[in-house]
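Colleague: I would like to learn how to read the packing of helices and the layout of sheets in a model of this kind. Could you take me through it, feature by feature?

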Amino acid sequence: MINTTCAYCGVGCGITATVTGPRSVQIKGDAEHPANHGRLCSKGTHLGETVSLEGRLLHPMIGDNRATWDQALDLVAGRMRDCIAEHGPDSVAFYVSGQLLTEDYYAANKLMKGFVGSANIDTNSRLCMASAVAAHNRAFGEDVVPCSYEDLEEADLILLVGSNTAWCHPVIWQRIEAAREKRGTRLVVIDPRRTETAEQADLYVPVAPDGDVALFNALLAEMRERGLLDEGYLAERVEVDAGFWSELAPYRRPRAGGGPATCGTGQRVDQESGAPACAGATASFAAELARQAGIPAATFTQLADLVAAHPRTVTLFSQGANQSVCGTDKGNAIINLHLATGRINRPGAGPFSITGQPNAMGGREVGGLANMLACHLGFTNDERDAVARFWQAPNICTGPGLKAVDLFRAVHDGRIKFLWVMATNPAVSMPDSGFVREALARCPTVVVSDVIADTDTGRFAHIRLPALAWGEKDGTVTNSERRVSRQRALFAPPGEARADWRIVAQVAERLGWGEHFAWDHPAGVFREFAAMTGLAAERGKVLDLTALANLDDAAYETMAPFQWGGAYPLAHGYPTPSGKARLVSVAPAEPHTDSAYPLRLNTVRYRDQWHTMTRTGLSPTLSQHRPEALLEVHPQDALAQGLSDGGLARVESASGASVFRVRVTATQRPGEICVPMHWTDAMACGARANRLPGQGTDPISGQPGFKNAAARVQPV
Ligand code: SF4
């Protein structure tokens, strides 16, 4: 029996694997793992159906020809060297993945930021939780999730924001359900879609797309009106700008003709009625939210009563909040409510961002995002100098690099001439994926490291490098509650596949930096990363793994899951200059309207599929749940557009178009439609969701607005 960690979502469930043949394995939940206590969802349970070598990339390829590793690595290094020499370090970019292990991420980040001399390394985690990262940094001074899964079992009230938890984080959902049964925990789901999760809530709040900031500002103003702020906590632990309360906007301000119409102090005036906007707060907030965010007035009152009555509140937020052009503000609106009511850093209370991918958090720790350096450090001279000394780096980068959408724009317009994609499929998963395909087709050198031979992105590659898959790799991942666990190899490397960290190190060696990448085991990479977190700790950050910097290989092999920062990492102070958290003023965004594309399109995930289905598509059991991609549309819109249940419809946006089978359902709000994200060109069946959202991003986090794109439909 081998203890390892699930390949899929950010819950990070522990698995006990029993290898039963050359490529077969029995999977069970690890009863000892704190993330899941033996539970698994359908995807984890059926991992054993996905470990065959079907479709695998097993040898390096140059174009359509099989190559040796030496030939492929020489070519990668040579093209990189030439590109840097001729066009400078910023002409080179890496686009990596939350599927990488921390050791892989560390190696790639070190090569790019310390040796190539550019910060052009971004990741598909930009599409997942970059807005939560930015919100944490603004409020806490560091990207720290202040909760643990156990808080879900200690809470009296759980607010799920933009999360179909029952489908997307099923083991979290099982823990919530168990808590409801045992403790009577009340559950509220805030989501534009009446999802499978919403169906089971005590209260469903049908917020309009991107209406979350208005809603949480209104809740905060309402708690203030009811005298439920924690004045002691605010005074001791939170910085509140002088203008914060006067700028608190529970709903959008009028576009023109009026002065400030903010709420919360009783000084402001409703622009329509002329009455004090916030006197008799619930009624006025509820009425405005009903008018602007589509939330029934009675529903807001119910929600406010629940929040007022239950100080032990956890707000769990996910992609519905993050994948937005105002995702960072949404995160801060949620965090503001928790800080101001003192619902943080204690059992059963806190704002809890839950990540999508198995190692998005590990990537954040080592600096896998273009706007951070490494180990939660930024780009000040002090931080850059410290990192350069630690790495003995000859070419430390000078500042942040390009975030994902901007990175592919730079590929498209020729500024980036060498792109190395690791463990991800941006030709499908990026927004406006037609544009991304054009960019890949124009790029002089595209290198793809992957486990699958034929992916949509791999078709654009000049060089393909075979990487190790789940069940073959060895290393660590960090889940949503900051718990680091080992992924362990179950099988020998197939064909000529190699670990990603090793491939990166072998390219670095060919570029003349081999002594700085001279690891012979993932434990060596981990030790170096753990030692490097000392730079963060010296600067007052929470991230500190230095106690593990001397772990020997045997201890790494048997390392048990551990949670950095402990259960309440911010309980003794915030890593800001003042030691206090910050309330951040956030205002609701104006709704986007486009008469040519009058519907709001949401892209979603199915229960039994993962990303672009390269793994889950191998499982016959998983494919039974939803074998086809469905366009979900409200009956009113179906009638208006002439769509019939079971028929086909063409969905169009300014970026692209694709065809889907129609499902008419009242779970959609009128005027809003949704499609799943998983299907790809390689499947040759249409239903390519990510051709549709445009390139709009959150101005702070750079995260794309997948959840609220302008679209139209017509029958086929
Ligand atoms: Fe794997 Fe996530 Fe399911 Fe756990 S909840 S078994 S980590 S997919």
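Colleague: What is the angle at which helix α9 and helix α15 pack, and how far apart are their axes?

Modeller: Two packed helices are described by the angle between their axes together with the distance between those axes. In this predicted model, helix α9 (residues 212–225) packs against helix α15 (residues 327–340) at an angle of about 15°, and their axes are 8 Å apart. Because angles under 35 degrees count as roughly parallel, α9 is described as roughly parallel to α15. The crossing in which α9 passes α15 is left-handed.

Colleague: Which residues of α9 and α15 meet?

Modeller: From α9 come Asp212, Val213, Phe216, Asn217, Leu219 and Leu220, and they meet Asp329, Lys330, Ala333, Ile334, Asn336, Leu337 and Ala340 in α15. Sorted by class, the residues of this contact between α9 and α15 are eight nonpolar, two polar and three charged.

Colleague: Turning to the sheets, in what order do the strands of the open sheet of seven strands lie?

Modeller: Strands of a sheet pair through backbone hydrogen bonds, either parallel or antiparallel. Here the seven strands follow the order β5-β4-β16-β15-β14-β6-β7, and the pairing in this open sheet is mixed. At its edges are β5 (65–66) and β7 (121–123), each of which pairs on one side only. Within the sheet, strand β14 (residues 418–422) and strand β15 (residues 445–450) run parallel and are joined by five bridges, with Val421 having Val448 in β15 as its bridge partner.

Colleague: Which strands does helix α3 lie across?

Modeller: Helix α3 (residues 102–116) lies across β6 (92–96), β7 and β14, and its direction makes an angle of about 165° with β6.

Colleague: And is the pairing in the sheet of three strands parallel or antiparallel?

Modeller: That open sheet has the order β17-β18-β19, and its pairing is antiparallel. Its edge strands are β17 (475–478) and β19 (562–563), each pairing on one side only. Four bridges connect β17 with strand β18 (residues 483–487), and Gly475 stands opposite Gln487 in β18.

Colleague: Finally, which residues come nearest to the ligand?

Modeller: Of the 14 residues around the ligand, those that come nearest are Cys6, Cys9, Cys13, Cys41 and Gly44. The elements that contribute two or more residues to this shell are α1 (42–45) and α7 (170–183). Divided by class, the shell around the ligand holds nine nonpolar, four polar and one charged residues.

Technical notes. Residues are numbered from 1 along each chain as its sequence is written. This is a predicted model: local features need pLDDT of at least 70, side-chain atom pairs count only at pLDDT 80 or more; totals for chains, interfaces and linings use all residues. Axes are lines fitted to C-alpha atoms, for helices over the stretch in contact, and angles run from 0 to 180 degrees between N-to-C directions. Angles under 35 degrees count as roughly parallel, over 145 as roughly antiparallel, 65 to 115 as roughly perpendicular and the rest as oblique. A crossing is left-handed if the near helix is turned anticlockwise from the far one by less than a right angle, and right-handed if clockwise. Two residues are in contact if their C-beta atoms, placed from the backbone, lie within 7 Å. Ala, Val, Leu, Ile, Met, Phe, Trp, Tyr, Cys and Pro count as nonpolar, Asp, Glu, Lys and Arg as charged, and the others, Gly among them, as polar. Two strands pair if DSSP finds at least two bridges between them. A residue is near a molecule or strand if its C-beta atom, placed from the backbone, lies within 6 Å of it.
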